[in-house]
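Student: I have a new chain open in my viewer and would like to talk it through with you. Could we go from the overall fold down to single side chains?

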Amino acid sequence: MMSIATPHWLITMQLAAKLVQLRKQKGLSQQALADAVGLHVTQIKRYESGAVQPSLEALKKIAVSLGVTTDSLLFDDVERGPDDELRLQFEAVSQLPPEERMVVKEVLESLIIKYQARRWDSARAASALANKKAPQEPPAKTATAR
C-alpha cells in the first residue's frame, strides 16, 4: 500500500501511460478508441499525452471500451490490493470450498465492522472530551420582571 500521497501530475502521467499501453494491447488506433468511446480523436490524444484528464463519464466509457475497470486505470496494482502477506492468505482462502470461503468472508466482515465501530467510538469520545475541555461561556443573564 502507498503511504505517501501520489502527486497530481504523476497520477496524470500514470493514467496517460496506461491508456496508451492498454489501447495498443487491444490493437486499437487512437481513432478507433475515440470512436468506441464517443469522443473526438483529439481528446484521446490529450488524455494520452497527459495534457488533460478525462471526466468521470469519459473515464467510465474508456474503461468499458478497453475492457478494464476504472480502478485499473487510476491505481497501480499495489495501491488497491492487499500487501504480499495478505495476498498469499487470500489466495489460500480462494482455494477453500465455497461454504468455508463464506465463513472466512463473514469473519472478516465482522472484524472490519468491529474495527470501524471502535474507531467511530474513539472519535466520538475524543470529540466529547474536547467539548468538555473547551471553556464554557456563562449562561446569558435574563432580565427579570419587576
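This is a predicted model: local features need pLDDT of at least 70, side-chain atom pairs count only at pLDDT 80 or more; totals for chains, interfaces and linings use all residues.

Student: How many helices and how many strands are there in the protein chain?

Tutor: Residues are numbered from 1 along each chain as its sequence is written, and side-chain values use heavy atoms, with hydrogens and water left out. Helices (H or I, at least four residues) and strands (E, at least two) are DSSP runs, numbered from the N terminus. Along the sequence the pattern reads α-α-α-α-α-α-α-α, and the count is eight helices and zero strands.

Student: What share of the 146 residues counts as buried?

Tutor: Buried means under 20% relative accessible area, exposed over 50%, and partly exposed in between (1.4 Å probe, protein chains only). The accessible surface of the protein chain, from the Shrake-Rupley method with a 1.4 Å probe, where for residues only the protein chains shown count as cover, is about 11400 Å², and 59% of that belongs to carbon and sulfur atoms. Of the 146 residues, the buried share is 17%.

Student: Within what arc do the buried residues of H4 fall?

Tutor: The buried residues of H4 are Ala-58, Leu-59, Ile-62, Ala-63 and Leu-66. Seen down the helix axis, they line one face of H4, because their directions fall within an arc of 135°. That arc is taken over the directions from the helix axis to the C-beta atoms. On the face turned away from the buried side, H4 carries the exposed residues Leu-56 and Val-64, so the value to keep for the buried face is 135°.

Student: Which residues does Tyr-47 contact, leaving aside its neighbours within four places in sequence?

Tutor: Contact means heavy atoms within 4.5 Å. Tyr-47 is among the residues with the most contacts inside the largest nonpolar core. Leaving aside neighbours within four places in sequence, its partners are Ala-16, Leu-19, Leu-39, Val-52, Gln-53, Pro-54, Ser-55, Ala-58 and Ile-62.

Student: Which side chain does Arg-23 meet in a salt bridge?

Tutor: A salt bridge is a side-chain nitrogen of Lys or Arg within 4 Å of a carboxyl oxygen of Asp or Glu, and the structure holds three. The N to O distance is 2.5 Å, and the partner is Glu-48.

Student: Are Glu-57 and Lys-60 buried or partly exposed?

Tutor: Both lie in helix H4, three residues apart, about one turn of the helix. An α-helix has 3.6 residues a turn, so residues three or four places apart point the same way. Glu-57 forms a salt bridge with Lys-60, with the closest N and O atoms 3.7 Å apart. With relative accessibility of 43% for Glu-57 and 47% for Lys-60, each counts as partly exposed.

Student: How far apart are the side chains of Arg-124 and Asp-121, N to O?

Tutor: Arg-124 and Asp-121 are separated by about one helical turn, because they are three residues apart in helix H8. Arg-124 is partly exposed at 49% relative accessibility, and Asp-121 is partly exposed at 37%. Their side chains meet in a salt bridge with an N to O distance of 3.5 Å.

Student: Which residues make the nonpolar surface patch of about 330 Å²?

Tutor: Patches are made of residues with over 30% relative accessible area and no salt bridge: like charges are joined within 9 Å, nonpolar side chains (Val, Leu, Ile, Met, Phe, Trp, Tyr) within 5 Å. Helix H7 (84–94) and helix H8 (98–133) each supply at least two residues of the nonpolar patch. One of its members, Ile-112, is in helix H8 and is partly exposed, with a relative accessible area of 47%. The patch is made by Leu-86, Phe-90, Leu-108 and Ile-112.

Note on methods
A nonpolar core is a set of buried Ala, Val, Leu, Ile, Met, Phe, Trp, Tyr and Cys residues joined through side-chain atoms within 4.5 Å.
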